[in-house]
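Subject: Structure for your review

Dear colleague,

Please find below the structure that I am handing over to you. My notes on it follow.

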Amino acid sequence: MPQGTRTQEQGVGHFARPELFLADLGADDAASLIAASADVVLIVDAAGVIRDLAFGSEDLITQGCQGWIGKPWSQTVTAESRPKVESMLKDAFDGATPRWRHVNHPGEGGADLPLSYSVMPVRSHGASDMGAGHSVAFGRDLRAQVALQQRLVSAQLSMERDYWRLRHVETRYRLLFQVATEA
């Protein structure tokens, strides 16, 4: 097969020849690449406890994320996000195809911290002090998108209010024209 050609079984999202380019990658280099690939990266053990984390964005350091280490991931999110976290962890350990899920963490000052996560299992080649295995959760900061959505909703509500105000004025003029005997 020519170099760079993909086979059907490799699928989308896989390198054609990772052993050629990534085989000599050390743990520090791998950690740097993983941290650079997302805004926040969580290392989660088989029990769902956050064992380590890294930030690709300094913006999230001020959000209280450092306190998540040693806690179950599901306890660092809002109540409505807990089933999503548990589902992502179960899917990762079952070998299901990862998908992105919107998860909210309680943020500093009462505002939620919206992140989109995808979880990938890590298959250990040797003995690990973490037991049955662990997963890496890649998180993307959604605050900019959430702010944009809120602005869009506000604009839509404003347009609806203006529309109903215009309809009300139009109705009043129609009644006035029906009642008036002279133009």
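Predicted model: local features only at pLDDT ≥ 70, side-chain atom pairs only at ≥ 80, totals over all residues.

**Helix α3**

Helix α3 runs over residues 82-94, a total of 13 residues. From its first C-alpha to its last it reaches 18 Å, close to the 18 Å expected at 1.5 Å a residue. Val-85, Met-88, Leu-89 and Ala-92 are buried in this helix. These four residues cover an arc of only 95° around the axis, which means that they lie on the same side of α3. On the other side, Pro-83, Lys-90 and Asp-94 are exposed. The partners of the buried residues of α3 are the strands β1 (40-45), β3 (101-106), β4 (112-122) and β5 (134-141), against which they pack.

**Salt bridges**

The structure contains 5 salt bridges. One of them joins Asp-141 to Arg-143, with the closest N and O atoms 2.7 Å apart. Asp-141 has a relative accessible area of 19% and is therefore buried, whereas Arg-143, at 24%, is partly exposed.

Helix α4 (residues 143-179) holds both Asp-162 and Arg-165, which are 3 residues apart, or about one helical turn. Their side chains form a salt bridge at 3.0 Å, N to O. Glu-170 is partly exposed at 31% relative accessibility, while Arg-174 is exposed at 51%.

Yours sincerely

Methods
Residues numbered from 1 in each chain as written. Heavy atoms only, no water. Helix = DSSP H or I, 4+ residues; strand = E, 2+ residues; numbered from the N terminus. Expected span 1.5 Å × (residues − 1). Buried < 20%, exposed > 50% of the residue type's maximum accessible area, 1.4 Å probe, protein only. Arc of directions from axis to C-beta. Contact = heavy atoms within 4.5 Å. Salt bridge = Lys/Arg side-chain N within 4 Å of Asp/Glu carboxyl O.
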